[in-house]
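Please open the structure in a viewer and keep the selection tool at hand. The stops below are to be visited in order.

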Amino acid sequence: MRDEVFTLSSRIARPAAEVFAWHERPGALQRLCPPWERIETDDADSGIHDGARAVVRAKVGPFWSTWQVEHRDYVAGKQFRDGLLSGPFARWEHLHEFTPDGADACVLTDTISYRLPYGGIGHAAGAAFTRRKLARMFAWRHAVTRADLESVAHYGAVRPMQIVVAGASGLVGRALVPFLRTQGHEVIRLVRHRASKDDELSWDPEAGELYAGKLEDADAIVNLSGENIAGGRWNAARRERILRSRVDAARTLVTALAKNSRRPSVFINAAAVGFYGERGDELMTEADGIGQGFLPEVCLAWETHAEGAARLGIRTALMRFGVVLSPAGGALAKMLPAFWCGVGGRFGNGRQWMSWISIDDAIGAIHHALLEKRCAGPINTVSPAAVINAEFVKTLSRVLHRPAVFPIPAAGLRLLFGEMANETLLASTRAVPEILTATGYRFRHPDLATALAHVLGR
């Protein structure tokens, strides 16, 4: 059997040397893993020079496969190649080429020569599936590479920072860490187990334990830590964990920073538009007050403890996130199985407003807040185009090419989820990103259809 060949080229409005350097940085491989794929990469980053190797585990259906690839044909600023040493293909060679297109742009070309296993039988069974999968994956990869490089260019030359991230294993944290590393920053992850890697620092927020001296070199702190709000019904014990996990994390970080003479220039703390509670059709800006209910109380306590950093003279940004759209976790991931099966539908009457943001804009907004000195205090981290739930469902079904004709009555949601249904699934919060817009943040996905098509690779 002869090899199949897949090729995709894209123009990027950045110099070839800069685009090549992006691929050399730690985190590039993780950044290029689409969110709808189940992919695990080796934490050890050996680079892309000749002889360096990478191990990747990927899941297709119920089956996991392990890939081991070796980098070859490295030419600085121009190309490198990945060759399969072991894995599910009979042969796999992936050439990355970076061709200048004038002084300030280049053409990125990915060329993959591959041969499916099991000869003619494998080709007949899997050729079309493989071509579609490659086209979908690399269209997404090129879009992310282009956006990551072009969208941050307007910040100009940025001094590399050491950024400490709490909650790095969560939905936003898993996307943020590789993004920051490909931007040239050093990331230290706070972990609850014993630190065993150079990029890890142990802490125990429940006990208030974090060695302050380890934060003295930090230029920025990003706190994304907190118990999953949608992890189950809100009984008394879960409500306490939701509240304590956020308060303890913020307080432990601020207490540690207070002990140091050298402090970071910026402290970013995750919060939520749940601060505003049920507000009907009102437009919520950062100037609006707190709502009624458990989530507003949690957000207020969360933000109050984080503001201790501001009292230490540290610029403090309170990122009030809407629904973060990613098939890798969160609300969208929970909704997808029903929609793929054609049994999705609106929640209740569908008239409640949903404030949302794509995962790439969520991490882009954090990066913006790290660099933009005008970002301080509450910041609505949402797209400019909130939608009602019925419109969200209609758009998702259109992107997936699936019907959505099975609404879930409000009474059924309350029966399943109790109080959580009232404050999350049925609550109406129409927030607008007034501060992000005023400080010049450029949304990658300002409308819902574009955002869903991107994160789902459709």
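Predicted model: local features only at pLDDT ≥ 70, side-chain atom pairs only at ≥ 80, totals over all residues.

Proceed to C299. With a relative accessibility of 3%, C299 counts as buried, since the limit for that class is 20%. Now consider the sulfur atoms. The number of disulfides in the model is zero. C299 takes part in none, and the nearest cysteine sulfur, which belongs to C375, is 19 Å away.

Next, select residues 359-371, which form helix α9. How far apart are the end C-alpha atoms of α9? They are separated by 19 Å, which agrees with the 18 Å that 13 residues should span at 1.5 Å a residue. Colour the helix by accessibility: α9 is mostly covered, with twelve of its 13 residues buried.

The tour now turns to aromatic rings. Across the whole structure there are 14 aromatic pairs. Display F6 and F138 to inspect one of them: the ring centres are 5.7 Å apart and the planes meet at 45°, so this pair is tilted. Where do the two residues lie? F6 belongs to strand β1 (residues 4-12) and F138 to helix α3 (residues 119-151), so the pair ties together parts that are 132 residues apart in sequence. Both F6 and F138 are buried.

For another geometry, move to Y441 and F443. This aromatic pair is edge-to-face, with 4.9 Å from centre to centre and 85° between the planes. Y441 and F443 are both buried.

Then select F20, Y74, F80 and F98 together. These four residues are linked into a cluster by ring pairs.

The last stops concern arginine side chains placed over rings. Finally, select R239 with F294, where R239 lies over the face of F294 at 4.4 Å from the ring centre.

Technical notes. Residues numbered from 1 in each chain as written. Heavy atoms only, no water. Helix = DSSP H or I, 4+ residues; strand = E, 2+ residues; numbered from the N terminus. Expected span 1.5 Å × (residues − 1). Buried < 20%, exposed > 50% of the residue type's maximum accessible area, 1.4 Å probe, protein only. Disulfide = S-S within 2.5 Å. Phe/Tyr/Trp six-rings, centres within 6.5 Å; stacked < 30°, edge-to-face > 60°. Lys NZ or Arg CZ within 6 Å of the ring centre and 35° of its normal.
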